[in-house]
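User: I would like to go through how the labels on this model follow from its values. Please take the questions one at a time.

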Amino acid sequence: MATAFIFLGEGGCRYCKGDGDCELEFEFEGKKQKARGCIRRMITTQSRLFLNFYQHYKNGFLLCEGGLLNQPAKYVQAMSIINNEVAKLEKELNRNGR
Ligand SMILES: [Zn+2]
């Protein structure tokens, strides 16, 4: 899957409160494109929570006491998905020399 880079400019979601019809500027497969929408509306509370957990996960702190096998399956799956996406993004950023 190709990675899309989203730039949050003045008219984008950088300053919106999720109630806007924002201008999204993004790069997809090397081409810059524009669209209207709102990134904040696409991110659920659960997604935001998992993204926060991911920071702790990377620092070695798990959600529940014990090892990886003691964690809820949904949590382990979410950390795995986020980790794979971060790795893909880092690989692509390195390839593009950013
Ligand atoms: Zn927005």
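This is a predicted model: local features need pLDDT of at least 70, side-chain atom pairs count only at pLDDT 80 or more; totals for chains, interfaces and linings use all residues.

User: What is the order of elements in the chain, from the N terminus on?
Analyst: The order is β-β-β-α-α-α, that is, three helices and three strands.

User: Why does N70 count as exposed?
Analyst: N70 has 11 C-beta neighbours inside 10 Å, and a residue is exposed if that count is 12 or fewer. N70 therefore counts as exposed. N70 sits in the loop between α2 (45-58) and α3 (73-95). Apart from neighbours within four places in sequence, N70 is in contact with C64 and E65.

User: How do you know that the length of α2 agrees with its number of residues?
Analyst: The expected span is 1.5 Å times one less than the number of residues. For the 14 residues of α2 this comes to 20 Å, and the end C-alpha atoms are 20 Å apart, so the two agree. Just after α2, G60 has a positive phi of about 90 degrees.

User: What makes α2 count as hardly covered?
Analyst: Among the 14 residues of α2, the count of buried residues is one; to be buried, a residue needs 20 or more other C-beta atoms within 10 Å.

User: Why is α3 said to lie largely in the open?
Analyst: The number buried is two of 23 residues, so α3 lies largely in the open.

User: How much of the chain counts as buried?
Analyst: Of its 98 residues, 6% count as buried.

Note on methods
Residues are numbered from 1 along each chain as its sequence is written. Helices (H or I, at least four residues) and strands (E, at least two) are DSSP runs, numbered from the N terminus. Two residues are in contact if their C-beta atoms, placed from the backbone, lie within 7 Å.
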